[in-house]
Amino acid sequence: MNVDDAELIVRAQAGDTEAFGMLVTRHMRQAYFSAVGLVGSREDALDLSQEAFARAFHARKTIDPARPFYAWYYTILRRLCFNWLRDRRSRRERLQQGGWWLEEVSLAAMDAPDRDLERREAHRRIAGALAKLPDAEREALVLKEFEGLKYREIAARMGTPIGTVMSRLYSARAHLAKALEEQ
Amino acid sequence: MIDDRTLALIMAVLDDEHSPEDLKELEDLAAASAEVRDEWRRQQRVKEATSTMAWREPTAETWDRYWMSVYNKTERKIAWLLVLGGSFVLAAVGLWEAVPHMLRSLFNDSSQPVSVRIAVVAILLGVLLLVVSVIREQLTANRKDPYDKGVSR
């Protein structure tokens, strides 16, 4: 049975834990990948995304069923991730563990060997540069490139005007371009 | 130096969020300026690289265990709240009963040196101040968004 988020929220608010479990199962992948993009560590992203769901469960009475669940959940997740980043002195080192959280899409395998090598090198540099970006720039870039959101959706998620999203994207890409050009 | 409008046009065109007029405007600007052309090409190169990258999938067991982990966290949170709440009430009642009694006996006993009396009062005031400070921090610190600074709304 395909139940929409609003109905699951109403049921969860009435104390139906199974309904909340369905909400979690429906959004867990997006939640995990959002967290990975923000903190850059698989274990921590898992833990933080699950912790955010646990907090969402305790605050479920405050959810407006008429509004998208994930946007509401993301505000909790985002705050948790930024607090985590702020509290970890070693975050740069963790993020710089090599961008293992990204992989090439399969079409790269169809390239000629020299082109493939070039692409792999570009990906290595991009992953390294992505890890070094300021948090706000990395978040904007991840939401655009890996979650495929539109500017207005990113602006809503980040609580900033569209112009700020675009300038953060430009700044992030300028950093990545510099990394690609470095020899 | 490329102006903000041109940079915004480059972003919009790269991300396919442009109108036909935006594209025409950018093409005209690129035709007139080598700097704009170079920047557009530079940004295109990054876009091409990032568009061939994707999230690395975790194992299937990760998803199988996901909801159970959330459930456990939820359950443990409730358990901790009960334990901490009960402990807090017990501690508060105990202190409420014990502190006045301790202070009375301390100040009624003339054999106690003044320095001990001052030290006990200082410790009690210090503990009170710490509790107030921690509570205030918990109520305010987590509400601050690190992005609030410098963002125009």
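Where do K24(B) and D28(B) lie in chain B, and how many residues apart are they? In this predicted model, both residues belong to helix 2 of chain B, where four residues, about one turn of the helix, separate them. Their side chains form a salt bridge with an N to O distance of 2.9 Å. K24(B) is partly exposed, at 47% relative accessibility, and D28(B) is likewise partly exposed, with a relative accessible area of 41%.

A second salt bridge in chain B pairs D15(B) with K47(B), again at 2.9 Å from N to O. This pair connects distant parts of the chain: D15(B) is located in the loop between helix 1 (4-14) and helix 2 of chain B, whereas K47(B) is in helix 3 (residues 34-51), 32 residues apart. D15(B) and K47(B) are both buried. Within chain A, R42(A) and E43(A) are paired by a salt bridge of 3.8 Å; R42(A) is partly exposed, with a relative accessible area of 29%. Over all chains, the count of salt bridges is 23.

The interface between chain A and chain B buries about 5,100 Å², of which 60% is on carbon and sulfur atoms. Chain A contributes 63 residues to the contact and chain B contributes 44 residues. Seven salt bridges cross the interface, among them the one between K144(A) and E17(B), whose closest N and O atoms are 3.0 Å apart. Polar contacts between the two chains amount to 16 residue pairs, with both residues at pLDDT 80 or more. On the side of chain A that touches chain B, helix 2 of chain A provides the largest share, twelve residues. The composition of that side is 33 nonpolar, eleven polar and 19 charged residues.

Chain A comprises nine helices and one strand, arranged along the sequence as α-α-α-α-α-β-α-α-α-α. Of its 183 residues, 55% are buried. Among contacts in chain A with a separation of 6 or more, 62% involve residues 24 or more positions apart.

For chain B, the mean pLDDT is 86, and 92% of the residues reach 70 or more. Confidence is highest in helix 2 (residues 20-32) of chain B, at a mean of 95, and lowest in strand 1 (residues 53-55), at 84. Over residues 145-153 of chain B, the pLDDT is below 50, although this stretch has 16 contacts in the model beyond near neighbours in sequence. Where pLDDT is low, predicted coordinates should not be read in detail.

Technical notes: Residues numbered from 1 in each chain as written. Chains lettered and ligands numbered in written order. Heavy atoms only, no water. Contact = heavy atoms within 4.5 Å. Buried area = accessible area lost by both parts, 1.4 Å probe. Salt bridge = Lys/Arg side-chain N within 4 Å of Asp/Glu carboxyl O. Polar contact = N/O pair within 3.5 Å; in protein donor to acceptor, adjacent residues only side chain to side chain. Helix = DSSP H or I, 4+ residues; strand = E, 2+ residues; numbered from the N terminus. Nonpolar A, V, L, I, M, F, W, Y, C, P; charged D, E, K, R; others polar. pLDDT = per-residue confidence, 0-100. Buried < 20%, exposed > 50% of the residue type's maximum accessible area, 1.4 Å probe, protein only.
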